[in-house]
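I opened this notebook to record what I looked up, one entry at a time.

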Amino acid sequence: IFIFQGTALDSITRFATTSFFTTGSEDSCLSRNESVLYRKSSPYKPSSHLVSKLRSYEELHKRCGPHSDSYKRSIKQLKSGQINHNSSDCRYIVWVAGYGLGNRMLSITSAFLYGLLTDRVLLINQEYEMIGLFCEPFPNASWILPEDFPFKNKLRRFKQNYDHSFGKMVQSNTFDCSTELLPSYLYLFLSHDCSHHDQLFFCDQYQAPLSKVPWLIMRSNLYFVPSMFLMSSFDQELNKLFPDKETVFHHLGRYLFHPSDRVWGLITKYYQDHLARAEKRIGIQIRIFHAKTSPFEYVMDQILDCIRKEKLLPEVGTEKSIASSSNNQTSKVVLLTSLFRDYFEKLKKIYGEHPTKTGEVIAVYQPSHEGRQRTWSNSHNVQAWAEIYLLSLSDELVTTAWSTFGYVAQGLRGIRPLILYNQTTPNPPCGRGVSMEPCYLTPPTFDCKALTTTVDTGALVPHVRHCEDHIWGLKLF
Ligand code: GDP
């Protein structure tokens with residue numbers, strides 16, 4: 001069914017047939033085949049082990065996916081509570097949404113990798129606000145959790161202290177590792193505010209009993225992949241899948257996230273109208289977490305300082321003649337994304353009112369300025385996804401520290417970004433990331449053997465270190 005022409009990357013991202021579902025009303029996925037026209041093919045080739053693992057996963061997903069006989073059997077058992085823990089029946093990981101789109105895309109990717117490593121089928125509990133954002137990633141079987149899933153309407157309200165929560169059960173000593181007493185489903189709460197007990201999920205001793213539980217329901221807003229690289233249960237397989245550690249999100253993100261036709265229409269129109277003709281595209285992502293602690297003047301100075309020090313754009317002069325006398329008319333375009341408009345206006349004014357010293361023409365664009373985050377709004381998320389993707393088409397990328405929106409763009413692009421540090425008047429204003437991987441912002445910090453002792457998890461293995469933008473965070477490099 002699959003084409004294996006072109007680059008090796010094509011083999012993990014492109015199907016030969018269009019007979020897959022989409023999440024919206026569309027029945028095609030134009031971006032899957034047309035993306036090569038817009039973004040450079042990746043210089044990072046997936047390992048043959050990753051390619052064959054994805055093919056086997058697709059088979060598993062087809063066999064166990066929604067509406068399959070195995071799925072129906074598993075739902076029946078879930079309803080009755082009568083589970084044969086040793087059977088070779090299908091097992092699932094259900095992803096439950098929370099937080100912004102960047103957070104969601106990172107946690108979906110982490111859940112998918114956990115599924116790949118543990119032979120679990122990933123199903124997405126899709127709420128209204130995410131409908132129609134992505135094409136279906138897997139051929140011939142949907143990844144959307146069906147509406148008739150037993151407690152579908154309650155999933156969103158699952159809290160940390162839910163009775164079936166793994167962390168709560170471990171804390172109260174009711175997570176009995178002997179197979180007969182394990183429940184038919186467990187809730188994994190792995191968000192940034194999870195507890196020490198929730199984080200015991202990342203300890204090897206719990207993975208064997210967890211593997212016997214047919215349904216895992218996971219809420220997370222984080223890229224928890226680096227912690228999986230610290231687990232002996234997975235490290236050998238991960239090393240085979242990803243000989244180049246900094247490409248995990250790059251490969252899996254490009255494999256999973258294809259814009260739906262609706263989003264693709266926005267992306268391609270914007271690209272053709274504003275970005276296509278430039279010789280160089282520079283993406284600048286400005287994320288203001290708290291307006292009070294990041295006043296406009298400080299952030300604007302930081303951006304301009306970064307542009308100057310990194311020579312991203314030519315300096316402007318005052319002589320009107322400079323531009324016209326120069327033969328050196330190359331064109332650069334800045335794609336600025338932000339919830340706010342002021343940064344764009346300032347930059348546009350600088351390059352609109354003054355000629356550059358080199359004579360280059362600089363255009364500045366901003367696709368939207370939504371004013372505030374509205375994660376529950378479907379059209380807001382459509383716009384956010386289009387902008388993340390547009391950023392990922394840049395030749396150079398400047399991102400904001402701590403922002404998962406930027407992490408997704410850099411990973412899909414496959415670039416180590418210039419990160420605007422999250423401090424008041426930092427010097428230097430920005431710096432090159434050590435890898436294109438996202439940062440796991442709040443990883444566990446304890447030693448799984450002596451459960452209460454804190455260890456420096458950034459010093460345990462050579463390819464996991466602390467993040468440049470978040471000292472407690474962990475990232476692959
Ligand atoms: P993070 O909060 O920066 O880690 O990124 P998230 O993507 O998880 O959440 C921020 C959300 O705010 C995004 O998903 C968007 O809904 C919105 N948002 C933030 N920055 C932008 C932007 O530059 N453009 C658009 N369209 N939306 C943004």
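**Entry on Asn173.** I looked up Asn173 and noted a relative accessible area of 69%. Asn173 therefore counts as exposed, since the cut-off is over 50%. The model I am reading is a predicted one. I found Asn173 in the loop between H6 and strand E3 (185-189). Its phi is near 55°, a positive value in a residue other than glycine. I wrote this down because most residues other than glycine have a negative phi.

**Entry on Asn140.** I then turned to Asn140, where phi is near 65°, again positive in a residue that is not glycine. Asn140 sits in the loop between strand E2 (121-125) and helix H6 (166-171). Is Asn140 buried or exposed, or does it count as partly exposed? I recorded 32% relative accessibility, so Asn140 counts as partly exposed.

**Entry on a cis peptide bond.** Most peptide bonds are trans. I noted a cis peptide bond that joins Asn427 and Pro428, with omega about 5°. Pro428 belongs to the loop between strand E9 (418-420) and strand E10 (430-432).

**Entry on salt bridges.** Side chains of opposite charge can pair when their charged atoms come close. How many salt bridges does a search of the whole structure find? I recorded 20 salt bridges, and I looked up several of them.

I began with Asp89 and Arg73, whose side chains meet in a salt bridge at 3.7 Å, N to O. This pair links distant parts of the chain, 16 residues apart: Asp89 is in the loop between helix H4 (69-80) and strand E1 (92-96), and Arg73 is in helix H4. I noted Asp89 as partly exposed at 22% relative accessibility, and Arg73 as partly exposed at 40%.

I next looked up Lys332 and Glu360, which form a salt bridge at 3.3 Å, N to O. Lys332 lies in strand E6 (residues 331-338) and Glu360 in the loop between helix H14 (342-353) and strand E7 (361-365), so the pair ties together parts that are 28 residues apart in sequence. I recorded both Lys332 and Glu360 as buried.

For Asp163 and Lys168 I noted a salt bridge at 3.2 Å, N to O. Asp163 counts as exposed at 57% relative accessibility, whereas Lys168 is partly exposed, with a relative accessible area of 33%.

**Entry on a network.** Which residues did I find linked with Arg104 in a network of salt bridges? I wrote down Glu127, Glu129 and Arg156.

Terms used. Residues are numbered from 1 along each chain as its sequence is written. This is a predicted model: local features need pLDDT of at least 70, side-chain atom pairs count only at pLDDT 80 or more; totals for chains, interfaces and linings use all residues. Side-chain values use heavy atoms; hydrogens and water are left out. A salt bridge is a side-chain nitrogen of Lys or Arg within 4 Å of a carboxyl oxygen of Asp or Glu. Helices (H or I, at least four residues) and strands (E, at least two) are DSSP runs, numbered from the N terminus. Buried means under 20% relative accessible area, exposed over 50%, partly exposed in between (1.4 Å probe, protein chains only).
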